[in-house]
Amino acid sequence: MTTSPPLLDTLAVVPTPEGVDLAIRTAGPLPRGLAWCIDVIIRWIFIIILAQMLAVLEEAGIGVLLILVFVIEFLYPVLFEVLSKGSTPGKKLLGIMAVHDDGTPVGWKASMTRNLLRLVDWLPSMYLFGLISCLFSQEFKRIGDLAAGTVVVYRDLKTRLPVMEDTQPEAPPWSLAPHEQRAIIDFAVRQGQLTPERATELAQQTGPLVGQHREDARQQLLRYAQYLLGRQP
């Protein structure tokens, strides 16, 4: 059985179907707790305003208020997470957001699951179960995150695929193993950080793969990468 490597500085690597690893930085209990406090203040300011408006209904107003409190407590995080790119106002102020484990935007089902289970995270009081879960999880997941398949990450690391130099796609001369395809795509993504001479030198290490194109090895690997990413000649 294999185990996940330990995180370094809260960085987590998410593989993508395109063969490029994306780095995301998970948010720990402190920023998440601060974001929660901000959201609680916002919600209860709104609830206090509603309570004053419903006071004229006396006992009936109390019943309506209790229903509205439940609705607000549940719908507030769900609506903001789904409609505001994973961030409630508190999360947005702290620069964090909720996403699926694969880095994609959180959806309705996942958001409702993680927020319904806040009741379990709260037990026995003050989110103790949730805090313990975060401390024992490599990605700082509370119980709701574990059930929903979500994780809270910082917005500062871009999760978009790096821009690859545009060139005409070309099929490799023979079928490549998955790890070989991954290596070519990784090279194509990162070669822009190197000098053209160094990138060409590295590309030439592939030997027969570039064959007669040794002087143009860098461009040849770029053409292969475009093809492996599904771009048609």
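Biologist: In what kind of crossing does helix H1 pass helix H2?

Modeller: H1 passes H2 in a right-handed crossing. A crossing is right-handed if the near helix is turned clockwise from the far one by less than a right angle, and left-handed if anticlockwise. The model is predicted: local features need pLDDT of at least 70 and side-chain atom pairs pLDDT 80 or more, whereas totals for chains, interfaces and linings use all residues. Residues are numbered from 1 along each chain as its sequence is written, and side-chain values use heavy atoms, without hydrogens and water.

Biologist: Which residues of H1 and H2 make the contact?

Modeller: Contact means heavy atoms within 4.5 Å. From H1 come residues including Asp39, Ile42, Arg43, Trp44 and Phe46, and H2 gives, among them, Leu65, Leu68, Ile72, Glu73 and Tyr76. By class, this contact has 13 nonpolar, 1 polar and 3 charged residues (Ala, Val, Leu, Ile, Met, Phe, Trp, Tyr, Cys and Pro are nonpolar; Asp, Glu, Lys and Arg charged; the others, Gly among them, polar).

Biologist: Which residues of helix H9 and helix H10 are in contact?

Modeller: The axes of H9 (residues 196-204) and H10 come within 7 Å and cross at roughly 70 degrees. H9 is therefore roughly perpendicular to H10. The contact joins Pro196, Ala199, Thr200, Ala203 and Gln204 of H9 to Ala217, Arg218 and Leu221 of H10. H9 passes H10 in a left-handed crossing.

Biologist: How do helices H8 and H10 cross?

Modeller: Here the axes of H8 (residues 178-190) and H10 (residues 217-228) come within 9 Å and cross at roughly 115 degrees. This crossing is left-handed. Its residues divide into 9 nonpolar, 1 polar and 1 charged.

Biologist: Which residues lie nearest the centre of the largest pocket?

Modeller: On a 1 Å grid over the protein atoms alone, a pocket is an open set of points where a 1.4 Å probe fits, with protein on both sides within 12 Å along at least five of seven lines; lining residues have an atom within 4 Å of a point. Among the 22 lining residues, Arg32, Gly33, Trp36, Tyr127 and Arg142 lie nearest the centre of the largest pocket. Its space is about 490 Å³, the volume filled by probe spheres set on points joined across faces, edges and corners. H1 gives the largest share of the lining, 8 residues, and the lining comprises 10 nonpolar, 4 polar and 8 charged residues.

Biologist: What is the volume of the second largest pocket?

Modeller: The second largest pocket has about 300 Å³. Of its 14 lining residues, Glu73, Asn115, Arg118, Leu119 and Tyr127 are closest to the centre.

Biologist: Where is the cis peptide bond?

Modeller: It joins Leu123 and Pro124, with omega about -15 degrees. Pro124 is in the loop between H5 and H6. In the loop between H1 and H2 lies Glu58, a residue other than glycine whose phi is positive, near 55 degrees.

How values were computed
Axes fitted to C-alpha atoms, helices over the stretch in contact; angles between N-to-C directions. Helix = DSSP H or I, 4+ residues; strand = E, 2+ residues; numbered from the N terminus. Parallel < 35°, antiparallel > 145°, perpendicular 65-115°, else oblique.
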